[in-house]
Amino acid sequence: MANIHPTAIVDPQAQLADSVTVGAFTTIGPNVRIGEGTTIGAHCVIEGHTTIGCDNHIYQFASLGADPQDKKYKGEPTQLVIGDRNTIREFTTFNTGTVQDKSLTQVGNDNWIMAYVHVAHDCIIGDHNVIANSVQFAGHVTVGNFTLIGGISGIHQFVRIGDFAMLGFQTRLSQDLPPFVMAAGNPAEAQNVHQEGPRRRGFSPERLSVLKQMYKLLYRKGLTLEASKAEIAALRGQTPGAEVDIDNMLTFLAEANRGIVR
């Protein structure tokens with residue numbers, strides 16, 4: 001049986017695994033499901049059609065599953081889905097999706113999400129991301145895997161952030177940020193290739209060199225985007241293990257819908 005503090009209010013229809021812990025004065029609604037090993041701190045509100053996986057640590061005063069902050073929302077039963085092993089700190093706010101998109105807001109696995117982060121409706125956040133304090137995601141944002149997002153940054157709606165991208169402190173991001181690129185500023189500008197994150201994940205020196213080449217082709221050669229894509233595609237077959245990184249970059253660029261950070 002879940003370990004629920006006597007002052008917490010948990011709807012009888014909520015589905016909590018036996019090893020869930022719920023802190024004092026927390027409120028959990030009827031359409032909430034929480035997996036094994038997850039800890040919910042004090043004074044949290046978890047509502048809406050919200051599913052939370054296993055072994056998450058949700059700190060005090062978090063608000064998860066509230067209605068989207070979208071005037072088009074008319075009470076439809078949209079979802080918030082959170083994966084496993086996430087750390088979700090104080091005063092975070094994650095909203096459910098809207099029927100105008102996928103009816104889903106989703107957070108993956110193994111993310112470190114610091115205090116005061118807002119994840120708006122229909123955001124899709126991948127795995128192994130570090131999101132610093134007070135980052136604000138507008139609606140429909142997509143974040144890849146292994147990104148680093150600096151504190152007090154604002155992300156415009158529909159923007160995409162690629163794998164291993166890095167966003168500096170207090171950055172305003174209104175265009176797509178390609179994989180492996182560091183950006184900062186207001187508005188954001190590309191600063192350099194992000195190699196330290198991939199290096200820590202075991203990328204070989206040869207793969208890191210390909211990341212640097214792709215960055216130069218995008219930002220340092222004065223090429224058009226189409227010409228950059230052609231030059232990046234020409235790197236295929238030259239470096240063992242780098243095909244996945246090249247394909248990652250080309251797929252991201254092909255799907256850019258707001259232009260990329262320059």
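This is a predicted model: local features need pLDDT of at least 70, side-chain atom pairs count only at pLDDT 80 or more; totals for chains, interfaces and linings use all residues.
A pair of aromatic rings is described by the distance of the centres and the angle of the planes. The structure holds 7 aromatic pairs. One of them joins Phe164 and Phe180, whose rings are stacked, with 5.8 Å from centre to centre and 15° between the planes. This pair links distant parts of the chain, as the two residues are 16 residues apart. Phe164 sits in the loop between strand E24 (160–161) and strand E25 (166–167), while Phe180 belongs to the loop between strand E26 (172–173) and strand E27 (181–184). Both partners can be checked for burial, which here requires a relative accessible area under 20%. Phe164 has a relative accessible area of 7%, so Phe164 is buried. Phe180 has a value of 2% and is therefore buried as well.

Phe164 also pairs with Phe203. Their ring centres are 5.4 Å apart and their planes meet at 70°; because an angle over 60 degrees counts as edge-to-face, that is the name for this pair. Here too, distant parts of the chain are linked: Phe203 lies in the loop between helix H1 (196–200) and helix H2 (205–219), 39 residues apart from Phe164. Phe203 is buried, like Phe164. Taking in one further residue, ring pairs link Phe146, Phe164, Phe180 and Phe203 into a cluster.

Rings can have charged neighbours too. Arg89 lies over the face of Tyr59, at 3.8 Å from the ring centre. In another such arrangement, Arg160 is found over the face of Phe252, and the distance to the ring centre is 3.9 Å.

Attention now turns to empty space. Rolling a probe the size of a water molecule over the atoms shows where empty space is left. The largest pocket holds about 220 Å³ of space. It is lined by 14 residues, and the closest to its centre are Phe146, Leu148, Gly197, Arg200 and Arg201. By class, the lining of the largest pocket divides into 5 nonpolar, 5 polar and 4 charged residues.

The second largest pocket has about 170 Å³ of space. Among the residues that line this pocket are Arg160 and Phe252, the two partners in the charge-over-ring arrangement described above. Thr142, Gly144, Asp163 and Glu255 are also included in the lining. Strand E24 and helix H4 (243–254) each supply at least two lining residues, and H4 gives the most, with 3. The lining of the second largest pocket has 2 nonpolar, 5 polar and 3 charged residues.

Note on methods: Residues are numbered from 1 along each chain as its sequence is written. Side-chain values use heavy atoms; hydrogens and water are left out. Rings of Phe, Tyr and Trp (its six-membered ring) pair if their centres lie within 6.5 Å; planes under 30 degrees apart count as stacked, over 60 as edge-to-face and the rest as tilted. Helices (H or I, at least four residues) and strands (E, at least two) are DSSP runs, numbered from the N terminus. Buried means under 20% relative accessible area, exposed over 50%, partly exposed in between (1.4 Å probe, protein chains only). A charge sits over a ring if NZ of Lys or CZ of Arg is within 6 Å of the ring centre and within 35 degrees of the ring normal. On a 1 Å grid over the protein atoms alone, a cavity is a set of points where a 1.4 Å probe fits but cannot get out, and a pocket is an open set with protein on both sides within 12 Å along at least five of seven lines; lining residues have an atom within 4 Å of a point. Grid points are joined across faces, edges and corners, and a volume is the space filled by probe spheres set on the points. Ala, Val, Leu, Ile, Met, Phe, Trp, Tyr, Cys and Pro count as nonpolar, Asp, Glu, Lys and Arg as charged, and the others, Gly among them, as polar.
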